[in-house]
Amino acid sequence: MNKKNLVILFLATTTLAACTSDDEVGETETLDPIEEEAAIEDEPGEAVVTDEELAPISEEELEQAEAIDDLDQYAEFAEQDVFDPTGYDAYLITDNGTTRVILFQDGDEQVFKSIYIEEDNRLKIIDLRNNELLLNSPL
C-alpha cells in the first residue's frame with residue numbers, strides 16, 4: 001500500500017507541476033513609465049505626420065506669407081540633405097515661436113513644405129507633389 005500511495009503522490013505532483021506556468025491567462029507584462037513611453041514612441045504604425053501637415057498651403061495663407069530671400073538665416077536647412085531648398089521660391093507661412101512652416105514653390109506649384117518644431121528641434125520635410133513625408137528627424 002505504501003508503494004501505491006507513493007505512485008499516486010508522484011503522479012499528482014507531476015500533473016500539478018505540468019498545469020502551472022509563469023504566464024497566467026489575462027496577465028500582462030508591466031512596464032515602468034519610462035519603458036512604456038519608449039514603447040509607445042517606437043511603434044512603427046504610429047502616424048508621424050498628420051493630414052493637415054500633408055495638405056498644401058491654402059491660397060489665403062499663401063497671400064499672407066512672407067517671401068524669404070535668404071534661407072541661410074534658417075539653420076535647419078543646413079542640417080538636412082533631403083532636398084536643395086535654394087532652387088525654389090520660399091515663403092514663411094508660420095513662425096509663432098514654437099513651430100515654423102516654410103513653403104517651397106517651383107513657379108506656381110507647391111513642391112515642398114518644411115515644418116520645424118523648435119521644442120523638439122525636429123524638422124519635417126513634406127513632398128507635396130507625391131503627398132509623402134521625406135524627413136522627420138531631430139537635428
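Predicted model: local features only at pLDDT ≥ 70, side-chain atom pairs only at ≥ 80, totals over all residues.
Residues are numbered from 1 along each chain as its sequence is written, and side-chain values use heavy atoms, with hydrogens and water left out.

Now to the whole sheet, which is open and is formed by six strands in the order S1-S2-S3-S4-S5-S6, with antiparallel pairing. Strand S1 (66–68) and strand S6 (132–138) are the edge strands, each pairing on one side only. On average, neighbouring strands of this sheet are turned by 25° against each other, direction ignored, with the axes being lines fitted to C-alpha atoms and the angles running from 0 to 180 degrees between N-to-C directions.

Let us turn to S5. How many of the six residues of strand S5 (residues 122–127) are buried? Five of them are, so the strand is mostly covered, where buried means under 20% relative accessible area, exposed over 50%, and partly exposed in between, with a 1.4 Å probe and protein chains only.

On one side, S5 pairs with S4 in the antiparallel sense over six bridges, and Ser 114 has Ile 125 in S5 as its bridge partner. These two strands form a hairpin with four residues between them, and Asn 121 in the turn has a positive phi of about 50°. S5 also pairs with S6, again antiparallel and over six bridges, with Lys 124 standing opposite Asn 136 in S6. That hairpin, too, has four residues between its strands, and Asn 131 in its turn has a positive phi of about 55°.

Finally, a pocket. The lining of the second largest pocket includes Thr 50, Pro 56, Ile 93 and Lys 113. A pocket here is an open set of points on a 1 Å grid over the protein atoms alone, where a 1.4 Å probe fits, with protein on both sides within 12 Å along at least five of seven lines, and lining residues have an atom within 4 Å of a point. Helix H3 (51–54), strand S2 (89–95) and strand S4 (109–117) are the elements that give two or more residues to this lining.

Notes:
Pairing = 2+ DSSP bridges.
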